[in-house]
Amino acid sequence: MIGDIVETKQCQLKDPMDLFHSGQVVKICAPMVRYSKLAFRTLVRKYSCDLCYTPMIVAADFVRSEKARDSEFTTNKGDHPLIVQFAAKEAQILCDAAHIVCPFADGIDLNCGCPQRWAMAEGYGACLINKPELVRDMVRHVRNQINNPRFSVSIKIRIHEDLKRTVDLCQKAEATGVSWITVHGRSVEERHQPVHYDAIKIIKQSMSIPIVANGDIKTLKDAENVHHLTGADGIMVARGLLANPAMFAGYEETPLKCIQDWVDIALEHGTPFTCFHHHLMYMMERITSKQEKKVFNVLSSTSAVLDYLNNHYGV
């Protein structure tokens with residue numbers, strides 16, 4: 001809720017571009033519907049995550065409805081650097097949304113990669129990769145209207161079957177002043193097919209702004225391999241971090257300390273039970289037997305979960 005974050009002052013915000021110029025690969029938590037909210041961002045930041053995204057927010061709803069703003073966007077002093085990801089198809093609405101979050105975040109990201117049918121039907125997400133002029137117009141508007149030069153404007157895309165079209169889209173966005181581009185190395189039609197890291201490498205070689213690689217990165221070793229394969233300046237992880245929020249700190253599976261941290265953070269933030277429980281189900285996927293999962297996954301209250309963790313793991 002905006003009310004929770006008024007104490008955050010502009011001068012405390014970190015510039016995400018400094019991360020890309022640090023000489024280190026930037027470790028990024030992806031925008032995940034329902035999951036990459038404040039409590040989870042707080043957890044992954046404890047375990048070497050450099051930059052976090054909010055879940056995708058529909059800009060038009062966010063601008064129109066105070067209720068949407070309160071439910072979709074919560075942050076605090078420690079939640080930086082932070083990128084707010086928007087689904088948008090009109091330049092002025094994206095600008096209006098950017099104005100609202102500008103005092104509390106370090107940048108916005110335009111979603112040009114979501115392949116879900118509802119998003120594409122509404123003109124959002126991955127259908128924008130076929131509208132480079134519209135993307136350019138939206139980036140330009142935000143650049144012209146937000147008078148904080150340290151506020152980043154990035155885009156997240158999928159690739160075309162014909163990679164020349166993707167390179168053209170990226171170069172047009174770069175010319176308009178986009179800060180960096182995240183590339184999910186699959187086309188709109190591809191879901192579980194192998195990621196085209198070779199395509200990300202070609203895009204990286206065609207650009208002078210930072211490129212972030214995304215897709216099927218489950219471990220720190222995967223992240224290092226993808227960096228070497230593509231030359232990407234940053235690595236964005238989604239499901240790999242859900243399964244192991246301590247991944248970027250080098251842990252091969254979720255340590256008990258991380259589970260304890262999640263319990264503490266989630267309770268402190270008043271995380272709804274379903275979200276609290278789902279995160280634990282993901283985190284414990286690799287460390288529980290089939291039999292344990294059968295019991296744990298059907299627990300139906302916070303107190304039942306806490307008792308289970310205490311009795312079985314001493315958490």
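**Figure 1. Buried residues of helix H13 in the predicted model.** In helix H13, which spans residues 273-283, the buried residues are Cys275, Phe276, His277, His279, Leu280 and Met283. The structure shown is a predicted model. An α-helix has 3.6 residues a turn, so residues three or four places apart point the same way. The buried residues of H13 pack against helix H2 (38-45), helix H11 (239-243) and helix H12 (256-269), as well as helix H14 (290-296) and helix H15 (302-313).

**Figure 2. Cysteines without a disulfide partner.** A search of the whole structure finds zero disulfides. Cysteine 112 is in no disulfide: the nearest cysteine sulfur belongs to cysteine 127 and is 8.8 Å away. Cysteine 112 is buried, and its relative accessible area is 1%.

Figure 3. UniProt, in an unreviewed entry, lists Cys114 for "active site". Cysteine 114 is placed in the loop between strand S5 (107-112) and helix H6 (117-121). Is this cysteine buried or exposed? Cysteine 114 has a relative accessible area of 10% and counts as buried because that value is under 20%. With neighbours within four places in sequence left aside, cysteine 114 is in contact with Met56, Ala119, Met120, Gly125 and Ala126.

**Figure 4. The aromatic pair of phenylalanine 20 and tryptophan 180.** The structure holds seven aromatic pairs. One of them is formed by phenylalanine 20 and tryptophan 180; this pair is tilted, with 4.9 Å centre to centre and 45° between the planes. The pair links distant parts of the chain, 160 residues apart: phenylalanine 20 is in helix H1 (residues 16-20), and tryptophan 180 is in the loop between helix H8 (163-175) and strand S7 (181-184). Both phenylalanine 20 and tryptophan 180 are buried.

**Figure 5. Further ring contacts.** One aromatic cluster is made up of Phe62, Phe73 and Phe86. At tyrosine 124, the charged end of lysine 89 sits over the ring, 5.2 Å from the ring centre.

**Figure 6. Two buried loop histidines.** Histidine 80 is in the loop between helix H4 (66-72) and strand S4 (82-87). Histidine 80 is buried, with a relative accessible area of 4%. Its C-alpha atom is separated by 8.7 Å from that of aspartate 50, 30 residues apart along the chain. Histidine 160 is found in the loop between strand S6 (152-158) and H8. Histidine 160 also counts as buried, at 6% relative accessibility. With neighbours within four places in sequence left aside, the contacts of histidine 160 are Ile129, Asn130, Arg165, Thr166 and Leu169. Between histidine 160 and aspartate 70, 90 residues apart along the chain, the C-alpha atoms are separated by 36 Å.

Figure 7. In UniProt, the unreviewed annotation "domain: DUS-like FMN-binding" covers residues 29-292. Residues 29-292 are 45% helix and 14% strand, and the end C-alpha atoms of the span lie 28 Å apart. The protein chain averages a pLDDT of 94, and 96% of the residues score at least 70. Over residues 1-13, pLDDT stays under 50; for these residues the model has 30 contacts beyond four places in sequence.

Note on methods: Residues numbered from 1 in each chain as written. Predicted model: local features only at pLDDT ≥ 70, side-chain atom pairs only at ≥ 80, totals over all residues. Heavy atoms only, no water. Phe/Tyr/Trp six-rings, centres within 6.5 Å; stacked < 30°, edge-to-face > 60°. Helix = DSSP H or I, 4+ residues; strand = E, 2+ residues; numbered from the N terminus. Buried < 20%, exposed > 50% of the residue type's maximum accessible area, 1.4 Å probe, protein only. Lys NZ or Arg CZ within 6 Å of the ring centre and 35° of its normal. UniProt positions renumbered as here; feature names shortened; annotations may be inferred. Contact = heavy atoms within 4.5 Å. pLDDT = per-residue confidence, 0-100. Disulfide = S-S within 2.5 Å.
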